[in-house]
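Please look at the sequence and the model below before reading on.

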Amino acid sequence: MTDPHQLQVVNPATEEIIATVPAASAEEVNTAVARAVPAQRAWAALAPADRARLLRRFADTVDAHTEELALLEVREAGHTLGNARWEAGNARDLLLYAAGGAERLTGSQIPAPGGWNVTFHEPLGVVGVIAPWNFPMPIAAWGSFPALAAGNAVVLKPAETTPLTALRLAGLALEAGLPEHLFQVLPGHGHTAGRALVDHPDIAKIVFTGSTRTGHEVAERCARLLKPVTLELGGKSPNIVFADADLKAALDPFSFLDNAGQDCCARTRVLVQREVYDEARAHLADALAAVVVGDPADEKTQMGPLISRAQLDRVRSYVPDGAPALRGTAPDGPGFWFPPTVLTDAAPDSPAAREEIFGPVAVLLPFDDERDAIRLANDTPYGLSGSIWTRDLGRALRVSGAVRAGNLSVNSHSSVRYWTPFGGFKQSGLGRELGPDALTAFTETKNVFLSTEGPA
Ligand code: NDP
């Protein structure tokens, strides 16, 4: 039987236990928050330029440990080496961006009769970050670094399957000279440590990334305390391919296979205009067959395993044996492998076409015209991401205006950058991360009226 006080970290490519980490209890969350409160006050009292200097030193330390962090992400999350290196670089770059933001976080003066109003962006206090397992390092960074830069402390609970890179980031923060207890990482279970963080009265805000189901519970608990919450939840994003598109680029299988499809922005509904449907299907069949699936630590590997047996079982449940599909190959095991798959006969209202599978599985659906494409694209409770492929600029603008999603790309599959806002419409979430407003999302605005009237 597994010990609830310990987390076993399993390499998903081999099923070997690579580490055992204590699971934080609710009392340990309370202790961490109690330590974070004075650390935050001292941090907020520093001049912004001094906070920025320390965060830049933290970025340099992350940079010096890129390979170590990347290998840790490969081993605990099964990410390919190339992706994991990018993730460590993304954490470093976000630190530098956030450090600059600390220096530029200014209020405004607003004239009023008899004086001026002056506004200030004050830090919230201690922020709780709850991270998932699909991108352990970037999501830990996105929730935490802008909060730190704005003068907050952070207590982060990583997913129980993937605590190692977040723990290492917290260690590197100390090595870089960040104050003790300012950035604490507490591995633990969602139903104990996660809930304790959400319910804690001294946690001023929660940043949650994960499933829509858990996101609802977190939002309800935060609402009882009027606690602000940012939710980055699931997706079922469309890839809308018009007949005039560059089909090869549009049908890049890594638009839904990156990170073995465990990506909330994965374009898993491939919508193709009917006149090029057969051509698209043939292209995808070849592309899937060419994907190199295997050891994520091998430089040549393009797709690694799923995170866990539970996730493998979940993905399998959407792809019954014999379902009409295009398929690549995958190793047999050990490890949690599933081949790249495109379901070719799924009805638009079937679970596979509507629910977030979070594996290397897409559905291929034909559409007739622009109106039909928009209808299908929006026929989902989610609204996180999506791509639009056409050489007609007017159509690209019309369709990107009509699709209800937070992050779209035209003639590209790339829509996530640390300097641009990221977040979802509908059931994909609430609020935005990253981008120019990343720091103000972790502040309260205070308005002070300065009277110029003399004594009566
Ligand atoms: P969850 O949403 O349950 O987990 C995300 C994080 O929330 C984890 O750290 C988890 O801890 C924590 N958590 C769980 N329950 C609570 C709670 N009651 N209060 C506070 N924190 C909690 O996702 P799952 O890991 O269960 O994945 C299931 C599905 O969710 C996936 O198949 C996928 O479809 C979707 N998902 C979407 C993600 C996205 O980026 N949009 C990311 C991850 C999953 P613990 O690790 O202990 O469970």
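Sorted by class, the shell around the ligand holds 11 nonpolar, 11 polar and six charged residues, where Ala, Val, Leu, Ile, Met, Phe, Trp, Tyr, Cys and Pro count as nonpolar, Asp, Glu, Lys and Arg as charged, and the others, Gly among them, as polar. This is a predicted model, in which local features need pLDDT of at least 70 and side-chain atom pairs count only at pLDDT 80 or more, while totals for chains, interfaces and linings use all residues. Residues are numbered from 1 along each chain as its sequence is written, and side-chain values use heavy atoms, with hydrogens and water left out.

**Where the ligand lies**

- Domain 1 (6-233 + 428-448) and domain 2 (238-410) both give residues to the shell around the ligand, so the ligand lies between them; the domain bounds come from an automatic or database domain assignment.
- At least two residues of this shell come from each of α7 (190-199), β8 (203-209), α8 (212-224) and α12 (309-317), with helices (H or I, at least four residues) and strands (E, at least two) being DSSP runs numbered from the N terminus.

**Polar side chains at the ligand**

- An N or O atom in the side chain of threonine 214 is 3.0 Å from an oxygen atom of the ligand, and a polar side-chain atom of glutamine 311 lies 3.1 Å from an oxygen atom of the ligand.
- For glutamate 217, a polar side-chain atom lies 3.2 Å from a nitrogen atom of the ligand.
- The ligand has 860 Å² of accessible area on its own, and the protein covers 88% of it, as found by the Shrake-Rupley method with a 1.4 Å probe.

**Backbone details**

- Most residues other than glycine have a negative phi, and most peptide bonds are trans.
- Glycine 333 and proline 334 are joined by a cis peptide bond with omega about 10°, and proline 334 has its place in the loop between β12 (325-327) and β13 (341-343).
- Leucine 226, in the loop between α8 and β9 (229-232), has a positive phi near 50°.

Conventions: A polar contact is a pair of N or O atoms within 3.5 Å; within protein, one must be able to donate a hydrogen and the other to accept it, and residues adjacent in sequence count only if both atoms are side-chain atoms.
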